[in-house]
Structure formats: structure tokens, C-alpha cells
Amino acid sequence: MHMSSDPSRLGPEQRSAALERLNEERFDVVIIGGGITGMGAALDAVTRGLSVAVIEQRDIASGTSSRSSKLIHGGLRYLEQFDVPLVREALRERGLLLSKLAPHLVYPVPIIYPFRHRAWERLYVGSGVMMYDLLAATGSNPMPWHRHLSRTKLLEMFPALNPQRFTGGLLYFDAGTDDARFTMFVARTAAKNGAVIAPSMRVNGFEREGHRVIGVRATCLESGQDLTVSARVVINATGVWTDDVEALVGDRERNVTASKGIHIVVPKDRIEASTGLITKTKKSVLFFVPFDEYWLIGTTDTPWNLGLAHPAASRSDIDYLLDHVNALLAEPISPEDVVGVYAGLRPLVSGDVESTAKLSREHAITHPAPGLVTIAGGKFTTYRVMAEDVVNEASLELAGRVPESVTDEIPLVGAAGYETLWTNRERVARESGLSVDTVERLLHRYGSAIEDLIALIEERPELGEPLEGAPGYLAVEASYAASHEGALHLDDVLTRRTKISIEEPDRGLAAALPVAKLLAEVLGWDDATIERELDHYRARVAAERDSQTQPDDRTADATRMGAADVRTLAWE
Ligand code: FAD
């Protein structure tokens with residue numbers, strides 16, 4: 001196997017090559033923002049034959065795209081608002097991802113909707129879910145049909161529910177994914193097709209020719225080096241940072257606001273159930289999402305006007321969730337059962353843009369200056385449609401005909417060969433010396449790229465050992481995160497390539513040193529760098545823990561901001 005010639009690889013050598021290209025080339029499209037929207041747009045544009053670079057200020061998916069409920073869903077609640085086209089479109093995307101584009105990363109999730117009332121609720125929710133399944137059936141839909149549940153059946157599937165409160169329920173299917181890893185796979189697929197992926201690079205200005213935007217000015221946060229990148233058209237895909245980036249071209253309007261949503265992480269065995277759960281609360285929707293050995297439980301929905309990079313969950317956010325959860329369960333869970341917490345910001349497009357700009361479905365595309373196109377809003381599930389729309393708009397700036405989007409025909413890296421490996425997983429286990437369980441887990445995390453990991457273990461058998469401090473992972477996964485998956489810091493690996501920072505009760509403190517040593521080999525860190533990475537990670541964990549004991553947003557934010565950003569520390 002010639003891994004170094006793998007064009008989807010995002011390792012240190014590829015980063016150097018990417019920086020050279022940024023300095024030298026004039027790109028058709030430069031995209032600011034490496035969340036799912038920006039990476040989706042990169043894949044769309046590069047597979048239409050355009051030259052593309054993505055510039056991301058921190059890590060791939062470090063913004064909202066690693067902090068979602070991790071569902072690929074049509075959005076049952078949009079049916080209540082009769083938004084049938086939106087739901088149909090999202091369900092079509094769900095089917096496409098499950099069956100063709102990312103069968104290794106996207107999986108069905110059974111979810112129950114418990115009823116508190118008798119006939120009317122079953123009729124009302126039942127007809128909504130019937131419509132949901134009918135809409136899904138018009139696309140390629142590999143999901144089972146929903147089922148009505150008696151009270152006995154409901155309690156059999158979800159024994160943890162308080163039997164006094166429920167009269168029956170309904171079982172339906174949606175899909176789930178690891179959002180941060182999914183985004184990284186979209187980035188690798190874009191790289192495989194020729195896109196430059198440049199994390200740790202902050203855009204701080206635009207190059208102009210008169211009014212026209214002809215490029216961006218950026219700073220590499222690893223070296224402190226400034227550079228100018230030329231573009232025929234720039235796409236602003238910065239989510240909740242949209243207005244800050246537009247302010248750099250002098251647009252002072254505030255069009256995108258942020259709403260905070262938090263999740264708590266609870267070990268599977270604390271809540272006995274074989275399915276996920278959805279229920280409505282007064283303010284929003286409450287989800288229990290099964291995720292590996294854990295439940296992700298969320299979410300909240302509150303306005304947020306503080307720092308955007310590291311939104312903090314406060315004591316009152318956590319109490320709010322615990323109160324709602326405990327109103328459903330026979331045996332309450334306590335703050336001690338919460339092993340992890342994360343907070344994300346929804347980019348909400350405000351009413352002004354809706355009335356003045358081209359509003360397409362749930363997302364808005366605007367053209368604030370010649371040479372600059374902005375996309376904001378939408379949701380993870382429909383990233384491919386958003387990408388197509390924004391690249392169509394950007395194409396208006398490019399001379400000559402740009403071919404139509406083809407991403408519905410482009411499986412993500414790791415998809416090709418995945419089904420065959422899955423069918424033969426026992427043989428893969430035998431030949432590699434790994435357990436069948438491990439092979440299954442790796443196939444879900446890497447798809448057919450599992451072959452890269454097995455080759456690395458063959459070269460260095462110690463990489464096949466469980467990771468110290470986080471035995472659910474193998475040592476090779478940390479190493480591969482830096483050599484192939486674009487990770488540049490300890491935090492990238494503990495938070496986004498793996499989920500150790502929210503899965504381990506110590507938030508990854510025990511795994512930090514072993515992981516840092518593995519990264520040091522790939523990234524060429526000296527002892528001082530290892531120390532700096534460890535100090536930063538420990539400070540971050542301490543600040544996050546502290547912030548979660550603070551009473552409100554303002555105090556929680558002030559506490560969280562006590563820990564500096566590793567990407568600024570790297571060169572200051
Ligand atoms: P982001 O992921 O935030 O990406 C923007 C990027 O721009 C960031 O990485 C940032 O660092 C970068 N950036 C900003 N400024 C600069 C600069 N100057 N230079 C370079 N880079 C810059 N959707 C679903 O489909 N299913 C769900 O279950 C779901 N649950 C959700 C739950 C919560 C609590 C939240 C908050 C959202 C949820 N969503 C869900 C919505 C979904 O997560 C978002 O719509 C999506 O992740 C937004 O992606 P994005 O790329 O637009 O933004």
C-alpha cells in the first residue's frame with residue numbers, strides 16, 4: 001500500500017504542500033469556514049472541475065459542526081409547521097447518505113415517541129409519523145416503517161420510563177452520525193479530488209479591486225505567517241461568525257444570530273432502554289440519542305451574545321436538562337451521572353435577510369459584494385443541497401459554464417468497499433489479529449480506510465494496543481488522526497477525531513499524555529511542545545468543568561474564557 005500517495009490524506013506533508021499552493025495559485029473558489037457547510041461546498045465545487053481552497057481558523061468542524069445532536073433527520077417537528085418540501089428534501093438526503101454516499105458513517109437510529117395522553121396524541125403524532133415515512137418512501141429509503149406501541153411494549157423497549165406517566169407510544173426510525181468525523185470525511189473526499197484543505201488559518205481581511213473581492217488575507221495560526229490567497233470568487237461559510245467576516249468588507253448589518261444548545265453525555269447503563277427517545281418540551285424538543293456506549297441528551301435553545309469559539313454550558317443549562325429528563329424516568333439521574341457536556345451555537349438567519357435576500361429553504365444565500373457569496377443557516381443533514389445552491393450562486397461570478405453538481409454520485413472516502421469488508425469482518429479480524437468487536441467499531445469509524453490502520457499496525461504492532469486512558473480506542477487511531485485526518489493539536493484528537501473528552505469521566509486527562517506522545521511522533525513535537533499541549537488541554541478541562549458549576553451564561557463564559565486557545569498559543 002502506498003499511503004503517502006493517497007490524495008485524501010491530510011497529514012503534515014500535505015499541509016506544507018497546501019500552504020505552498022495557497023501562496024502560489026489563483027483559485028476559482030476560496031471558501032472561508034471548515035464546518036460541514038464549507039467542506040460540503042468544497043466537495044461540490046471541486047467535483048465540478050473548479051480549483052478550490054478551504055481556509056479554517058481552528059480545526060475541521062471545531063465550530064457548530066461537532067456540537068450537534070448528531071442526527072441525520074428529516075425533522076419531525078417541521079411537519080407540525082407543514083413544511084413538507086423541507087422535510088421531503090432532508091429525508092431524501094438521509095436515504096442517499098445511508099444507502100450510497102456514507103453507509104459507513106451514517107446508521108439507522110430507532111426512536112420512540114412516548115404518549116402521555118390517550119387517543120388524540122396517538123392520532124396526531126401517528127399521522128405526522130405516517131406522513132414522515134411516506135415522504136421518505138419517495139426517495140431511496142432503507143429504513144423500516146414506524147410501529148405503534150402499546151403501553152406494555154413501550155415499557156419493554158424503554159424500561160427506564162416512569163410507568164405512571166405514559167399511555168403508549170410509537171417507534172420510528174431516523175439516522176445518526178458522528179458529526180465531526182463526518183465533516184472530516186467530506187474534507188478528505190474534497191482533498192482526494194484536488195481541493196486544498198487548510199485548517200489553523202484565520203481570514204482577517206479581503207483583497208479588493210475597487211468593490212470587487214479578489215482574494216483573502218489570512219494568518220497561519222501555527223507559524224504566525226501572513227499570506228494572501230487569490231480567488232475568482234470567495235464563499236463565506238462561517239456559520240455564527242458570518243457577520244464578523246462580512247464586517248471585513250465593510251458590511252455592518254447583523255444578519256446571523258446565535259442560539260445555544262447543550263447536550264449532556266450519560267453512560268448507557270444509567271438509562272435502561274433499547275431505542276432513542278424524542279419528546280416535546282415547552283420550549284423545544286428533548287432527544288435521547290444512543291451514541292456508542294453513551295446517551296447524548298439535549299437540547300436547550302437560548303439566545304447567546306457572548307464569545308463564539310468556546311460557548312459554555314452553565315449549571316442552569318444542565319439543571320434544565322436534568323429536570324426534563326427526570327420528569328420522564330422512573331429512577332432519576334443525578335449530576336454525578338453526567339460524564340460529559342458540550343455546547344453548540346445554531347446559526348440563525350434573521351428576518352431581514354429573509355425578506356431581502358434569496359432565501360432558499362432553511363438557509364440563506366446572499367451576495368454582499370462582487371466576488372463574495374455568503375451562505376448561512378440550514379442544518380447538517382442538508383449540507384449537500386446547501387453546497388449545490390451556494391456553488392451555483394458562486395458560479396455566476398466565474399466566466400464560462402460550470403457543470404452541474406455531481407455530489408449525489410460521489411461516495412465519501414471510506415465508502416467504497418465498506419459493505420464487502422463488513423460482510424467479511426470475521427475474516428478481517430482473523431487476518432489482522434484484532435477482535436471482531438474492534439473490527440466492527442473501526443469499520444463504523446473509518447469504513448474501508450480501516451485498511452490503512454491495519455497496515456500501520458502491521459508495521460508497528462504496539463499501535464494495535466488499546467489507548468492508555470481511553471481503552472475504547474486503539475493507539476493507532478491517535479496516530480492516524482495526525483497522519484491522515486488533519487489533526488494538529490491534542491485537543492483536535494481528544495475532542496473531534498475521537499470523543500474522549502466527553503466520553504471519559506476524567507474528560508481525557510489520563511489519555512492526554514499517551515495521545516500527545518503518539519502525536520509527537522507524527523507531528524515532530526519536542527518535549528516543550530508536548531508540555532504546552534498538555535498544559536493547554538488540562539487548563540481547558542478545568543475551565544470547562546468550572547464553567548459548568550457557574551449559575552448563568554455570563555459567569556460560565558467568563559470562567560471558560562480563562563483557558564487560552566491552543567491555536568493562538570502555538571506562535572505567540
Ligand atoms: P460551523 O460548523 O460553525 O462552521 C463555521 C466555521 O467557520 C467554523 O469552523 C469556524 O472556525 C470558521 N471560521 C469562522 N470565522 C473564520 C475566519 N475568519 N477564518 C477562517 N475560518 C473561520 N443539524 C442536523 O442536521 N441534525 C442535528 O441533529 C442537529 N442538531 C443540532 C444541535 C445543536 C445544539 C446545534 C447548535 C445545531 C444542530 N444542528 C443539527 C445544526 C447543524 O449542526 C448546523 O447547521 C451545522 O453544523 C452548521 O455548520 P456550518 O458549517 O454552517 O457552521
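A residue is classed as buried when its relative accessible area is under 20%. In this predicted model, Thr382 has a relative accessibility of 5% and therefore counts as buried. Thr382 lies in the loop that runs between strand 19 (372-377) and helix 11 (383-395). Apart from neighbours within four places in sequence, Thr382 is in contact with Glu89, Ala90 and Glu93.

Backbone atoms of the protein take part in several pairings with the ligand. For Gln57, a backbone N or O atom is placed 3.0 Å from a ligand nitrogen atom. In the case of Phe380, a backbone N or O atom lies 3.1 Å from an oxygen atom of the ligand. A polar backbone atom of Gly378 is 3.3 Å from a ligand oxygen atom. Taken alone, the ligand exposes 1,000 Å², and 96% of that area is buried by the protein.

Methods:
Residues numbered from 1 in each chain as written. Predicted model: local features only at pLDDT ≥ 70, side-chain atom pairs only at ≥ 80, totals over all residues. Heavy atoms only, no water. Polar contact = N/O pair within 3.5 Å; in protein donor to acceptor, adjacent residues only side chain to side chain. Areas by Shrake-Rupley, 256 points an atom, 1.4 Å probe, with all protein chains shown as cover. Helix = DSSP H or I, 4+ residues; strand = E, 2+ residues; numbered from the N terminus. Buried < 20%, exposed > 50% of the residue type's maximum accessible area, 1.4 Å probe, protein only. Contact = heavy atoms within 4.5 Å.
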